[in-house]
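User: I would like to go through the labels given to a few residues here. Please set each value against its definition.

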Amino acid sequence: PIWLVRVDLSDANLLWVDLSQCNLNWSNLNKVDLNWANLMGASFIKANLSMANLFEAILEGAVLNEANLTRSNLTRANLNKVDMNDAVLVEANLNRALISKANMNRSNLNGANLVRADLSKSNLVGANLSGADLTHANLFEANLAGANLRAADLTNADLTGANLNKADLSEAKLTNTMMAETIMPDGTKHY
């Protein structure tokens, strides 16, 4: 694997680049263009990826713990099985992103666009999804225990089998939301 720890690649054009298994911990990738990049299994611990373009990038199995992805574009990106605990994704665009079986505990997704995103079987314990757009999102069997979903839009979202125990759903839009076998904020199961 390539080690690029603490490098400054801000504003770099890295379209289609293969940085799979690369270590980019603590690196500055502010406004970097990584559209269609192969970043499978790469490590971005505490990296700055704010306003980065990662359209259709492959990040499956990547480690992004405590990374800053504020206002980044992850439209249609593959984030399956990522470790993204304590990451900052404020106002990030994750439209149609694949994020199943991911660990995103305590991550900040305030105001994020997660329209039609697949978050099935992901861990979002204590995550901040306030004001997030989760319209048509797949949250099948997702763990959202203690998550902040205040004023989130969950219209037509699938929460089948999800865990919402102690989650804050105040002011959330739940129009046509599927909730079969869902554990509700008060701990009861919705059938």
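**Labels and their cut-offs**

User: Why is Ser27 called buried?
Analyst: Buried means under 20% relative accessible area, exposed over 50%, partly exposed in between (1.4 Å probe, protein chains only). Ser27 has 1% relative accessibility, so Ser27 counts as buried.

User: What should I know about the model and the numbering?
Analyst: This is a predicted model: local features need pLDDT of at least 70, side-chain atom pairs count only at pLDDT 80 or more, and totals for chains, interfaces and linings use all residues. Residues are numbered from 1 along each chain as its sequence is written, and side-chain values use heavy atoms, leaving out hydrogens and water.

User: Which residues does Ser27 touch?
Analyst: Contact means heavy atoms within 4.5 Å. Not counting residues up to four places away in sequence, Ser27 touches Leu4, Val5, Arg6, Val7, Ala47 and Asn48. The Ser27 side chain also reaches the backbone nitrogen of Val7 at 3.2 Å.

User: Why is Ala37 called buried?
Analyst: The relative accessible area of Ala37 is 0%, so Ala37 is buried.

User: What is Ala37 in contact with?
Analyst: Leaving aside neighbours within four places in sequence, Ala37 is in contact with Leu14, Trp16, Val17, Ala57 and Ile58. The C-alpha atoms of Ala37 and Leu54 are separated by 7.4 Å. These two residues are 17 residues apart along the chain.

User: Why is Trp3 called exposed?
Analyst: Trp3 has 63% relative accessibility, so Trp3 counts as exposed.

Conventions:
A polar contact is a pair of N or O atoms within 3.5 Å; within protein, one must be able to donate a hydrogen and the other to accept it, and residues adjacent in sequence count only if both atoms are side-chain atoms.
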